[in-house]
Amino acid sequence: MGAPARAIPHASSRAAVLDVIRAAGTISRVGLIQATGFTGATISTVVRKLIEDGLVVETGRAESTGGKPRVLLQLKASSRYAVGVHLDHSGIAYVLTDLSGAVVARMTRAGAGTDDPPAVVERMAAEVSTLIEGAGIDRARVLGIGLVSPGPLTPASGMRLAPPVMRHWADFPLDERVQRATGLPVVLGNDATAAALGEYWSGAVSGSSTFAAVYVCTGIGSGILINGIPYNGSSGNAGEIGHICLDADGPECWCGARGCTEVLAGPAAVVARAREDAGVARAAGLAGGNGRGHSSVAADFAAVARAARRGEPGARAIVDRSARYLAVATRTLANVLDLDRVVLTGQSLAVAGSMYQPVVQEELDRAFFSRATHPVAVQVSTSAATAPAIGAATMVLQSELVPLQPGTRIPGGLARPEQAAARPSGT
Ligand SMILES: [Zn+2]
């Protein structure tokens, strides 16, 4: 089949060309013409400018297939950088990546906790400077900050309906304030979708066509990637499996519904159950009464999970019950999207993933609707704690490569690097 010129609805030819070069690895100008459908004159002008700006370099010549060898072009990974920030109640994770998405520095600091948002933003600005300076990177080369946090988010500002532990962030103009404090452009996103992107970029799920990252940190969410493209929904809040209803008459959830997966099985529910049982609370070393200022749901959940892993039967029963609920919610997501792979990720599953994985896998093997056609592989992430921050940084890279258009997919350029690579780049 002849390869039709790729119709690219990008705002700028520069972004489109840059994206094709990134996806291809190395590609000639002729390859670019074929991949983008632009004229030779356009490609020539755009490439000259990209080389002048230091984003692209010429890197030798392709093997000739008869004619004269063609010069290959390649992204200059060290020409630009992006910061990824994962803001959560229990911790703030930072990564610095180069233009190719490779992590060059990372750090974790105290979470937002109960501090006032302006104070947290001030601290984040200082920590971002520490990250950039510590890596010895010229700030002028940093494209911006990808900032992800628990949803739901409003597309243009921040958290309108914040989860309980971050309620005081509701309506805080997060991106605007961080932009002002750091002087860097800010792209906001949902932490679960960013986690899925992070898993994809770190290579954990290559070859998967329809994949979801089931994400458990303080709450429960999921990020969905279809052929490498995140599915964001109409407002960036797709994938909220924490609010799949498992009991129509169940306990009230903070979202306004009843019997949600999160209220039945999320880390806060697990911790609450553990506290109700004096023996479990003692075995897990939970502080008496309600957690004090320094404790967090994620930290307390980790303590219960460790007790369960040590074989404390009460703790194990509580975790297993949570895993069964999560398994049912995951099966529902898999049925709706016909998933072929699930990655369990997020800070809480970094600790407890080995106990959740067999339960979720068993549920999908036993009851996934299309199980006779194909299995759904369930794996635990190897970068569960940092995947959202890595995904956040890639959001910035993508916004440079493919300018954001409100209401459309964010990182369009993530689509199938191998497809672009399969173009006749060396001919
Ligand atoms: Zn809910």
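Hi everyone, let me start with a term: donors here are N, O and S atoms within 2.8 Å of the metal (3.2 Å for Na, K and Ca), and water is not among the atoms, so sites may look incomplete. With that in hand, the donors of the zinc ion follow the spacing H-x9-C-x1-C-x4-C along the chain.

Some housekeeping. This is a predicted model, where local features need pLDDT of at least 70 and side-chain atom pairs count only at pLDDT 80 or more, while totals for chains, interfaces and linings use all residues. Residues are numbered from 1 along each chain as its sequence is written, and side-chain values use heavy atoms, leaving out hydrogens and water.

Back to the zinc ion: which protein atoms hold the donor positions? They are ND1 of His 243 and the SG atoms of Cys 253, Cys 255 and Cys 260, lying 2.0 to 2.4 Å from the zinc ion. The angles subtended by the four donor atoms run from 104 to 117 degrees, which makes the arrangement tetrahedral (for four donors, all angles between 85 and 135 degrees). For reference, the ideal angle for four tetrahedral donors is 109.5 degrees.

Now, are these cysteines buried or exposed? Cys 260 is buried, at 1% relative accessible area, whereas Cys 255 is partly exposed, at 31%. Buried means under 20%, exposed over 50%, and partly exposed in between, with a 1.4 Å probe and protein chains only.

Finally, confidence: pLDDT is the predictor's confidence in each residue, from 0 to 100. The chain has a mean of 83, and 83% of its residues reach 70 or more. Thanks, everyone!

Key
Tetrahedral: all angles 85-135°; square planar, octahedral: opposite > 155°, others 65-115°.
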